[in-house]
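These are my notebook entries on a structure that I examined element by element. I began with the sheet and then turned to helices, cores and single residues.

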Amino acid sequence: MSLPFAVLVVLVALLAGSLYAAAEADPYKILGVTRSASQAEIKKVYKRLAKEWHPDKNKSPEAEDMFIKITKSYEILSSEEKRSTYDRYGQTDDTQPYGQYRHRHSHFDFDEAFFNFPFNKNSRDFADGKYALHFDQYVNNVVPGSFKRPYLVKITSDWCFSCIHIEPVWKEVVQEMETLGVGIGVVDVGYERRLANYLGAHRTPSILGVINGKVTFFHYAVAKELLKQFVEDLLPQRLVEKVTDKNQLEFLNSWQEINKPHVLLFDQVPAVPLLFKLTAFAYKDYLQFGYVDQGISDTADLLKQFNINTYAPTMLVFKENIDKPADIIQAKGMKKQIIDEFMSNNKFLLVPRLVNQKLFDELCPVKQFHRRRKYCVLLLTSDEESFSPGNQAFLSFASTNTREVLRFAYVYQRHQQPLCDVLTQSKETPWFSQVVILERRNAAGKTLYKPVTAWNGSEEDQQALVDELERLHKDPSILNYDATLPELNNEFASMFIIRWVYSSYDYLTEVVDDILHNNWREMMPLVSLIFSALFILFGTVVIQAFRLNSRTTQSLFSNPCNITYTSNLVRLRPGHMNVVLVLTHASKNILLSKFAKEVYSFTGSVTLHFSFLNMDKHSEWMHSLLEYAQEALRHDAHDDHQAANRRADYTGYVMALNGHKKYLCLFRPVYTGEDADAKSSEDESGSYRSRSVSTLQIHHKLDRLGLWMERLMEGTLPRYYVPAWPGLDKITPGK
């Protein structure tokens, strides 16, 4: 009987332990919210607790485990599906004891860590190579593309253990985000250290977002719901307006003021779907977006007015007629491709107003020989009340005479006076409306056109326009006038201040967030920007992130020279190098400005220090040092006379000095070959030589320094070893 009793005791203990663990792991208790708490309440509590228990801020021993519990609890409760499953069964499919999960700073299980460990780039799980980013790709593709969609970028490396732990979550998030239109990128610091430094990512793994050219770091635990929320938070505010019965007329009636069609999405979820927000961001220059929540009583009249089927999401586009949608789609699972096609087909009003040159270029493109011709039927009119009937008649005419080759538009004379002066033949006063048919011939403004008729919207005017369009269809040569059109005024330029205020607010919010979460190294891009502004404004020698105080930045050898000489060169730590620009007093400002731009992307390296050497003061030291680099100098000299001239001017040279190993790498100025007879070639260190240097401009001397710096970081530059650095007797600060 003793054995069964012992077994019973063990079972009871195990059951009690399980109940205790379950109670301890209750996400509601961890977050301190009730089971009836709303999503907004849960999110607010999570943000407060996450900041309070973040391991980077809270140094208590239990902070890390508590932060993991908080994050996992929020991941469960922020998902309606997972929350419902937990409420019903007390656990979710992916629930695991919190104690078995560890933050990236903790130890990890041996077998888990080394299972399929990616020792090389080709064996990496989840084909990161598909999304691999290079520096040029980022600058030329990602940054411009980020003005139409946000990018989610992971910073990783082959030997990063923590990177393996986030891989399953990253894979799941990427698969979902990519289908919604979010750009994906992966930067391997082992292959793209320059890009990682440029982005300000100094540890792996890191995840960041790029939108409108700005970089924002993800600071929380890598969980699917948190990453989705991060992408959503990247998007600007005020992209989508919540529309109800009370404000629907105000929303739709603004089409004339903002000169855009309006899109309304009807759906049953209270929050605006992320796909719709991403669409609004992509088409923000063309369309105005609103969202109608079908689940609230304040939208009942809207649903009835437009006969909305509540069983599937519905999207309506309104143009000039706000009582009847111009287009409609309805589907249970709206895909990005369908929505994009829908938006592209409805980017413009039926008769849009030409408010800037960009819109004119899109509506009335320059003639292309490989495409069908496009003609613009343009109404030159006014926004005064007396012109309203004629304007409305032109809209009605356009709606009944739609053709693929025709595009109807109008301009207000008082906003686009230069354009109207060119196209209007009559100079009579008072001014009257007129219709013009035109075809643009080149981007410089050359246009063929024909004034059709004075326009007041009468039946005679409409018939005259119909006749001219028929003639145009048969004989394009009826456009017998030519002119060079001026660039259109930007009528929305005054709104720039408002957009600037909104952008500044968003930027300051991000800066405050960065200050709260980032370490000093991640703040270096902002610090560098501030120092660059000071450099430009005040003309002082400020090269950001150079780790030099204001006294040593003056020169490699400033007073007291024995102290700076020793600290900047002789006693530089192993593995560190001093990159020294050689200049004169006359070329100082130009070369320092160019130098700062060329080496900016390398300032994140802790092993590089930057200085300059004034040849007017320290020529003797320079000559003594280069005695050990005669092999490099001989590449530049073709005769004794040229050698003598070249030795006299080292302006624009850059030396990388390794004080510990006693060697230097030498960059010689780029000779641009502006002289037509000059012949240039590239030597092994990446610099150019030319038979004629008389046309060399100072600001071109460092044109290829960036490439030389890349080879310096790769260790492929020739090294010229010195038996000993020139002594202090060679330093001549008194000159």
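I counted two strands as paired if DSSP finds at least two bridges between them. Helices (H or I, at least four residues) and strands (E, at least two) are DSSP runs, numbered from the N terminus. The model is predicted, so I kept to its limits: local features need pLDDT of at least 70, side-chain atom pairs count only at pLDDT 80 or more, and totals for chains, interfaces and linings use all residues. Residues are numbered from 1 along each chain as its sequence is written, and side-chain values use heavy atoms, with hydrogens and water left out.

**Entry 1**

Isoleucine 155 has serine 206, in strand 3, as its bridge partner. I then traced the whole sheet, which is open, with four strands in the order 2-1-3-4 and mixed pairing. Strand 2 (183–188) and strand 4 are the edges, each pairing on one side only. I noted an average twist of 25 degrees from one strand to the next. Axes here are lines fitted to C-alpha atoms, for helices over the stretch in contact, and angles run from 0 to 180 degrees between N-to-C directions. Helix 10 (residues 224–234) lies across strands 1, 3 and 4, at about 25 degrees to strand 3.

**Entry 2: helix 7**

Which residues of helix 7 (residues 135–145) are buried? I found Phe135, Tyr138, Val142 and Gly145, where buried means under 20% relative accessible area, exposed over 50%, and partly exposed in between (1.4 Å probe, protein chains only). These residues lie on the same side of helix 7 because they cover an arc of only 125 degrees around the axis, taken from the directions from the helix axis to the C-beta atoms. The face turned away carries exposed Asp136 and Asn140.

**Entry 3: the nonpolar cores**

I took a nonpolar core as a set of buried Ala, Val, Leu, Ile, Met, Phe, Trp, Tyr and Cys residues joined through side-chain atoms within 4.5 Å. The largest has 86 residues, and Leu152 is one of those that touch the most other members. Helix 4 (residues 63–77) gives this core its largest share, seven residues. A second, separate core of 24 residues includes Phe408 and Leu465.

**Entry 4: arginine 353**

I located arginine 353 in the loop between helix 15 (336–344) and helix 16 (357–363). Arginine 353 counts as buried because its relative accessibility is 6%. Its side chain reaches the backbone oxygen of glutamine 256 at 3.3 Å and makes a polar contact with the side chain of glutamate 491 (3.3 Å). A polar contact is a pair of N or O atoms within 3.5 Å; within protein, one must be able to donate a hydrogen and the other to accept it, and residues adjacent in sequence count only if both atoms are side-chain atoms.

**Entry 5: backbone features**

I found a cis peptide bond between threonine 204 and proline 205, with omega about -5 degrees. Proline 205 is in the loop between helix 9 and strand 3. Asparagine 212, not a glycine, has a positive phi of about 55 degrees. Asparagine 212 sits in the loop between strand 3 and strand 4 and is partly exposed, at 26% relative accessible area.

Definitions and conventions: Contact means heavy atoms within 4.5 Å.
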